[in-house]
Amino acid sequence: MAKQSAKTLTGEIVSHAIREAFVKLDPRILIRNPVMFVVEIGFLITCILSLDPTIFGGYHHPGQRTYDLLVAVILLITILFGNFAEAVAEGRGKAQADSLRKAKTDLTAQRRKSSGEYEVVPATTLRKGDIVRVIAGDMIPADGEVLEGLGSVDESAITGESAPVIRGAGGDFSSVTGGTKLLSDELMIQVKVDPGESFLDQMIRLVEGASRQKTPNELALSVLLAGLTLIFGIVVDTLEPMATYVHGSIGIATLIALLVCLIPTTIGALLSAIGIAGMDRVIRFNVIAKSGKAVEAAGDINTLILDKTGTITIGNRLASEFIPVGGHTEKELIESAVISSLFDETPEGRSVVDLARERGVSFAREAYTDAENIEFSADTRMSGLNLADGTIYRKGAVDAIRRYVEEHGESVPSDLAQKTEGIAKEGGTPLAVLRGTEVYGLIYLKDIVKPGMRERFEKLRRMGIKTVMCTGDNPLTAATIAKEAGVDDFIAEAKPEDKMRLIKAEQEQGKLVAMSGDGTNDAPALAQADVGLAMNSGTMAAKEAGNMVDLDSDPTKLIEVVSIGKQLLITRGAITTFSIANDVAKYFAIIPAIFVKMIPSLQALNVMRLTSPQSAILSALIFNAIIIPMLIPLAMKGVQYRPMSATSLLLRNLLLYGVGGVIAPFIGIKLIDLLITALGFAHV
Amino acid sequence: MRFTVAGSIGILAIIAIILGLGIPFGGYLYRVFTGGHSRFEAVFAPFERLLYRLVGVNPSVQMDWKAYLRALMLVNFMMMIFAYLIFRLQGILPFNPDHIPGMSWDLAFNTAASFITNTNWQNYAGEQSMSYLGQMLAITYLQFTSAATGFVAAIAFLRGLVAHKSESLGNFWVDLIKVHTRVLLPLAVVFAVVLVGLGVPQTLLGAQIAHTLQGSTQTISRGPVASLEAIKQLGTNGGGFFNANSAHPFEDPTALTSVLEMIAMGLIPTALLATFGKFIANRRQAVVLYVLLTALLIIGAFIVYANEVGGNPLVHQALGLSGPNMEGKEWRFGPALSSAFVAMTTAFTTGAVNTMHDSLMPLSQLVPLLFMMFNLIFGGKGVGLLNILMFLLITVFLSGLMVGRTPEIFGKKIEAREMKLATVAMLVHPFLILVPTAIAVVTKAGTSSMLNPGLHGFTEVLYAFTSAAANNGSAFAGLNGNTVFYNLSLGIVMLLGRYVSIIAMFAIAGSLAKKAIIPQTSGTLRTDTFAFGSVFVAVFVIVGALTFFPALAIGPIGEQLQMMSHIVGH
């Protein structure tokens, strides 16, 4: 679903957002955002003033009403811009939620009664523990665990991936999601959730932002923003008495204008939009984060724990070398190896044939159609071919082959043991190749690191993240792969408890740990980790334990999630800095404007040479309002994050948003002042 | 007299000496408060054990932030009551050779609040309204204990900062006693003796009546001045024995004593930065802060110096006189030493004055005002460091976001609770300066005390509340503070200015102490770089400027612009 709806802004979202911008003017909604709430109060007061400028005392002079009205209108626009930003962010989530909801509507289920018969009921009446039957072509009515059967399921409604997946009883592929379609066979499913709590429901709530709570960092920032609002409140409130001392009066509308200019409205207006957009970016990567907190935590990860198989390596060992023993030539070895693998359809077997072809040796299968194919079995731990002429070709575990040879009263070449050990030491897996009762040599099977992994780990290192590889292999094998992939550390012969122990040890040192997993035995560790990315292909238990689910089941996604988390924080920091930096220029516009009548020499501070006090104040206020929509794209897209040292990142962003934030409003306010002057509003 | 090479070198040399002495002294302070042994352990330890036994303190008890703070507040409260009673009753108490009566209730409150908070704002004239008993038992005593209070607060905070999942901030009683026995008392004794040698009186005899050559009589006040003077500077107190403070020849007889006094006031505030560096085991962090804060101090001192030697252009124009602005200055110090003193007494929040700030040129006035508004150019004993840490917290929060991590300071995560408390600590300062100033300038009670009308009068009031809020105590003069209105308002501002931020910082220390220390990685924002240091300076300068710009525009900035426009007008 995410991929199709990746368009940024549709007309529908915009028109909906405009409507929402007005709905959100409701003070009961706006009070959750203290900065914008202050603006709204200012708006109400200036509204009243524009009806009767003397209602709060003070004196009336011509043009006062127009001026008050202008201030009120600009304040209203400021709030609307802020609301619009939030509504656009929410709207994009809603569009996705709607497409999800379509998958959910009007489902029915065949529920098994206690008598063993089936009754057709609406899916919404299903409860935890109910057992339902699903037949090919039906929609799976609820999240659950397969009890019986095996079938292929189309999960594209959830994942956007059109290739069907296999789901069956037992093992790590037993969980099914409501709203997906069974394509073949028949499944008995035990329902695992009550209505409204299903995975789909959770996703809908998340993308809609309905269950969005402020994250810890957002809360801390809100506190700082409220604090700054208070400080500027004090500054503005004390200004009128000070003006009285120098025999003047500032006027309520101007004081409100000054206050609104100074308080951090830009970040106040965009803060929740940034948060929602951050979640949205994660979803666009086909990852569902169960909370904003998880995304934020991802930006802070110190340690990343990755499984070796399937994550770092492609999951299968492939032949990488032929090592002859006992005086046999490499050519002889390769020929025997290929014949023994000719009908072997496992990835290992195919890789032997492929490697041999590269070395210039290939045989046509057709020539051996009369041979007997011996499949690999756990007992014999070897496989191969019995030719029609009685020649036996085998490849298999070295000790199994050796036992076979010795059972036939022969002995293995003397250099076999040493070469076997050599391969093991390098982290490879040796396979012995046998012709008749004679060992010809070894096939060096190697774990192949996925292309590009080294670069990704390098990138992580620059982000300050340590990577730890987890594998069931022996330490030698693990060390080799670790070195090849470029991970910082590894645990070999790892049991699920070891992962848990590692996470706890790292957390004990104050580090934040991320991991990915799919199996039920990963669930405790997924829950313990600060960021647990569960694979959608994994078990229900894993998905429940993790705080993110990857719909594409790609464990390396964690790297992107980390970037998104960082981007989210940087965007927040950048716009906050920009917002505060803007105040400098606004001061130079407003302070001389306010005091010039009382202390004429303060005109020297009017460095922008703004036309009149009124135009200066209105220009600053208008700048303050239009900067919000101008920054919406930045808030949505996020500030670019490139892995580099924290100090250079700080300097770069500070130059851009801090220094830029000081300079931009000088230019902006001057331009608006010119416009106001040209329109004849400078002396209202 | 113009901007002289000798004067400039003099200012730089004093600052260099302060740093040269302060930095190694910071190492000593670190050892004192981490249980290290001193070379004089055989002297200190038995004496301290005796004190512990006398007051019934078990020195091995560890206190969490609440217990520590409770003890600190209780002791401060008791001492304030004690001082208040002395001031009220000094007329009937001994050591009162000049028969000085007890103070009025409001003046006694103001003075007690002033000295318990290490402010040393003086609405009384020492030689006329304070008995020797009051000078010794209340003033000198509080100059020790108030300095010690700020000091131990900073030490306790540093302990919280480096604690790893712990509750303990140390033991208040042990810290309080050690500050006295191992830091303040030895230094004060030595310095007092040096001052006596350089001509500062130390006597319990009453005022001397002198018969002048013209045959008239003159009363020459004296008393136990040297002992008070020593701790006045060392404890960044600033409350003088005489009304004229360090401009009085008995407090600060020569240029040499003036230099020594500046060194004394700078010693511990600068030392504490090194102590901080030792605590967090990061020398670079201290170096960065030293460089930047020293640069600001030097810039401030030279702004004052340049404006003062430049003289008053209006005087030049009207009378044809040229030369430095010597109004309110002592000839024996000259513009360079006076300018350095102005900058340092407000940077270190001492508040002693050897020149009348009221008579400074408008732009020169801006420097002490800004230094007190920032309140962290090294800052006062302990509390200066606390302010530095508070702004570091806020800077780290903003810049931490900008590098894409939830912010952390020295390995501790900063969350909503810390931000809330830091915001309170940050908020209270502008509140205490701006609100009372605004009230004062529009009420009869406030304006009737002003000596000058117009913008200068405004600056006088602004300066008074800034000095009180910053617990500086330097007086602008030109404002009659001894009225019920100012006694009460300034007293309350001093108390809130001191304790609200101490309480907030203690709560932060408590919550930081409990957190685990996160190890540094290459993704961690390093705070010990000049890049970060510059952001730190930018944050407190911009926040300070944004907060106080309107008030300063009406005050010194407006006055300066007015002055310049008059020249153009002629």
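Over all chains, this structure holds 37 salt bridges. Before I go on, please note that the model is predicted.

In chain A, the side chains of A:Glu86 and A:Lys24 meet, with 2.6 Å from N to O. The two residues belong to distant parts of the chain, 62 residues apart. A:Glu86 is in helix α4, which covers residues 64-102 of chain A, while A:Lys24 is in the loop between α1 (11-23) and α2 (27-30). As a general point, side chains of opposite charge can pair when their charged atoms come close.

Next, the layout of chain A. The chain is divided into four parts. Domain 1 takes in 11-97, 207-286 and 562-679, and domain 2 is 127-194. Domain 3 is made of 299-314 and 449-551, and domain 4 is 325-441. Between the centres of domain 2 and domain 4 of chain A, taken over C-alpha atoms, there are 42 Å.

Now one residue. Which residue carries the "active site" feature in UniProt? The record, an unreviewed entry, places that feature at A:Asp307. A:Asp307 sits in strand β11 of chain A, residues 303-307. Its side chain makes a polar contact with the side chain of A:Lys499, at 2.7 Å. If we leave aside neighbours within four places in sequence, A:Asp307 is in contact with A:Lys499 and also with A:Ile312, A:Cys470, A:Ser516 and A:Asp522.

Last, the two chains together. Chain A puts 60 residues into the contact, and chain B puts in 64 residues. The area buried between them is about 5000 Å², and carbon and sulfur atoms give 78% of that. On the chain A side, A:Met242, A:Tyr245 and A:Leu650 lose the most area to chain B, together 14% of what that side buries.

How many salt bridges cross the interface of chain A and chain B? The rule finds 2. A:Glu508 and B:Lys165 meet in a salt bridge through their side chains, with 3.5 Å from N to O. Across the interface there are also 6 residue pairs in polar contact.

Which elements of chain A give two or more residues to the side that touches chain B? They are α7 (216-245), α10 (292-299), α15 (453-463), α20 (558-595) and α22 (646-679). Of these, α7(A) gives the most, with 19 residues. By residue type, the side of chain A that touches chain B divides into 35 nonpolar, 16 polar and 9 charged residues.

That is where I stop.

Key: Residues numbered from 1 in each chain as written. Chains lettered and ligands numbered in written order. Predicted model: local features only at pLDDT ≥ 70, side-chain atom pairs only at ≥ 80, totals over all residues. Heavy atoms only, no water. UniProt positions renumbered as here; feature names shortened; annotations may be inferred. Helix = DSSP H or I, 4+ residues; strand = E, 2+ residues; numbered from the N terminus. Contact = heavy atoms within 4.5 Å. Polar contact = N/O pair within 3.5 Å; in protein donor to acceptor, adjacent residues only side chain to side chain. Domains from an automatic or database assignment. Buried area = accessible area lost by both parts, 1.4 Å probe. Salt bridge = Lys/Arg side-chain N within 4 Å of Asp/Glu carboxyl O. Nonpolar A, V, L, I, M, F, W, Y, C, P; charged D, E, K, R; others polar.
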